[in-house]
Amino acid sequence: MTATLPAGEITLRDVTYRYPDRPEPVLRRVEWTVGEGEFVVVAGPSGSGKSTLLRCLNGLVPQFAGGRFGGQVLVGGDDTRSSATHVLGRRVGFVFQDPEAQLVTGRVEDEIAFGLEQRGVPAPTMRKRVEEMLDLLGIAALRDRDPATLSGGERQRVAVAAALAVQPAILVLDEPTSQLDPWGAEDVLAALTRLNDDLGLTVVLAEHRLERVVAHADRLRVLAADGPPLDGPPREILARMEPGALPPLAALGRGLGWAVLPLSIKEGRACVRADRRPVPPAPTDAPPPGGAPSVALHGVTVGYGRRPVLRGLDFEARPGELVALMGRNGSGKTTLLRAVIGFHRPEPGRISVLGRDTARLHPADLARDVGYVPQQPGTMLFAETLRQELAFTLKHHGGRGRDPEAVLRQLGLVHAADRNPRDLSGGERERAALAAVLVGAPRVLLLDEPTRGMDYARKRELGEVLTALRQDGVTILMATHDVELVARIATRVVLLGNGGVVADGGPRAILSDSLAFSTQINKLYGGRYLTESDVVGG
Amino acid sequence: MSDDRSSLDPRAWLLWAIAAGLVPLVGRNPFALAATLLAVVAVRVAWVPPGSGVYSGVGLVRLAAAFAAVGVVFNALTVHAGDRVIARVPDGWPVVGGVVTVNAVAYGVVSGAALMILVLIGTTMSVVLDLASLLRLVPGRLAPVAVAGSVAVAFLPQTATALREIREAQAARGHRPRGARDLVPLLVPLLTGGLERAVTTAEALEARGFGAAVAGGRTAPWRGPVAALGLAASVSGVFSAITGHATLGLVALGGGVGLLVGSVRDPGGRTIARRTRYRTPRWSARETALALALAVFAALVLTVRAVDPGAVGWEPYPSLTVPRVSLPLLAATFLLLAPVPLAPPARVAR
């Protein structure tokens, strides 16, 4: 059936969908309408079906994914069951979470023109559209660059430009900022807001970090793993959400009993001015622990081929420290972690871990004391069950380590112990990889972007686990862009840039004096305030 | 917008790849292979910029050694023929049982070299051509084939990166592979991760309209099967030509190409399922000159092979003989260097 609807309108009627290899449906009897020109944010815990819902909008579900599909999705009047995805692509632009997977040419201009070529757009029109997109997304200077050489934020803007070049009425984005530093994320979101405001583009955006996007949205839809979703204007929905799932500003407003929850820093400032109650004094950073360093880098230069990423870097971390490594994409956070575990040999420089020079050790030898969870946890997981995965680590530690059941309990994975780790959701996979490392009882723990794809509740749980480990004397180095998490759990922040350490100190010293790396609460109250509990107390 | 002149028309590069692959595909003469190898390396040096992420210098030597080693081991242990026996594996051992000969080792070396030349040609093409320029050459009717091809092309370098990441992640858990069973922790994430990546890339291509029919383009139900038949005939033709059935192969190849062309054009000559091009490949005089040089090379190789099979091929069985040197063939190999003077000045200067 084809109805006459505005080109940018989406209607889901009684949609139920189950993946071919899953016993339970991911979507159950979904009724949903998105009006033309709306900016809608889709949020919800890991595994609640955000990506599946988005994929329904251009027919990838069920046309590409298979499975059992019931109900109807109308996109501007086209039924997604009867129109192929590449046909729906004229109306629905789609931007995936991983920009690398969707860019297929060797030049930015060609990437933008790719979809136009497929649709037989005449060359003069194509040239005009490419120029428009380059200007609209602010990437004209990149036109001749190979997308592989761009930063994450630049690549994601190219992906948005490529999706928009065919002039879709709807743009769907699946966590487009999850891999980006604060600047890159802000670039992409500013571009989307401009397109929504100026061109009336319908935007549907899935995102975990609500603090980044909620101020831009007309509507917020929060999916639940079990039960009906919340859907409506962001302020109303935030007022009804669980406290643990709120972004910091809204949590602050709820904590202080403000009648209207602020969505943006600007609104928050107005609320602060109106609230005349005294604010408790800001806490101070705890003094750094003493003792011999468990990780020490002296004059370390490492990189890829002839391109050094770290140049003459000096760094030390002690037992009981949780050090957040921060900095823009490409600043060397991952390289530093990889150097500590022995994947990069310093030339020149010296790295010692627990008093041992890593130059003489194989990474597998270091593994008895050093745990490493890479950015892609899927690279670690191979066994048929999570329990076997933990047993594999213990085997390589000569049976020494922690009780696997206790580790699974600590990470909330008891329910997944006998499941295949690769069948778990993104956040669960991340915790499964962490469990496979923690069972070896490492004295130094290296984490590379451990909160990607995690909702607020899972992040809070991870924070509690890491804090407990730190209090047990484990040294934790964590590369991350997640400022709010760092403010809650880190004992120290090291800001990397230009191959070296730009700033190093307690989180209140570093995050309270930064334009990009500061929390929402710090932007409101300044000083050394970082989290809502600093202001509300408790 | 026309393609910039720092590159050649992708069709010209395809012709070069076919011509350069001719000798390693049809013969095992060490001198002919060595000449081809030098020509391919010269073109790489002229065209492949430094730091492009493909093998160069020491890496090339390592690659050559690896292919030669694989060729030697495989041939020596599976071909039990020749007059120069150097060892004997118990006959009862399946497949590898029998004599190990110098003949088999020598043939293994040249087979490894031929394979390495083909890989070098492929990696060179992957640098001088981007995926989009190749996809633009595929008629809209064959878009699904191109999708599969693009996924395969993207798969190789991504797989190499993924394997490195997996090895590192498992080493960080204390794992050091020592036997075949120890490979499971590496292979399972490699295969499952590779499948996930392939699916995502295919999804992205589909979402971006790859293979979409152009509005107004006409379709007919017979075109798909005809295109498939044409493709099958073309592949069979190339295979027949390589395996010594030149006449049959050329007939099949010609017929296959004809069917492919017919499947994408209507009787009036208008292309069906037409796509447009942002960056129009420009076939200029230099591409014509290159194509002529390569055509002459191919004709010379095939003629020399027909007249004097020992000039292109080499048969070390049953007795080990010194390979023939064909001066006309070696001279013709200079034609494979045709892309070198066409390289951009900066690259030539380097």
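## Helix α8 of chain A

The buried residues of α8(A) are A:Pro182, A:Gly184, A:Ala185, A:Asp187, A:Val188, A:Leu189, A:Leu192 and A:Asn196 (buried: 20 or more other C-beta atoms within 10 Å of the residue's own, with C-beta atoms placed from the backbone). Their cover includes β3 (39–43), α7 (152–164), β8 (202–206), α9 (210–213) and α19 (483–489) of chain A.

The helix comprises 18 residues, 182–199, and reaches 25 Å from its first C-alpha to its last, close to the 26 Å expected (1.5 Å times one less than the number of residues). Just after α8(A), A:Gly200 adopts a positive phi of about 70°.

## Basis of the model

The model is predicted: local features need pLDDT of at least 70 and side-chain atom pairs count only at pLDDT 80 or more, while totals for chains, interfaces and linings use all residues. Residues are numbered from 1 along each chain as its sequence is written, and chains are lettered from A and ligands numbered from 1 in the order in which they are written.

## Chain A as a whole

Chain A contains 22 helices and 20 strands (DSSP runs numbered from the N terminus: H or I of at least four residues, and E of at least two). Of its 538 residues, 54% count as buried. The C-alpha trace spans about 70 × 55 × 50 Å along its principal axes.

## Contact with chain B

The contact takes 53 residues from chain A and 43 residues from chain B (C-beta atoms, placed from the backbone, within 7 Å). On the side of chain A that touches chain B, α5(A) gives the most, with 7 residues.

How values were computed. A residue is buried if 20 or more other C-beta atoms lie within 10 Å of its own, exposed if 12 or fewer, and partly exposed in between; C-beta atoms are placed from the backbone. Two residues are in contact if their C-beta atoms, placed from the backbone, lie within 7 Å.
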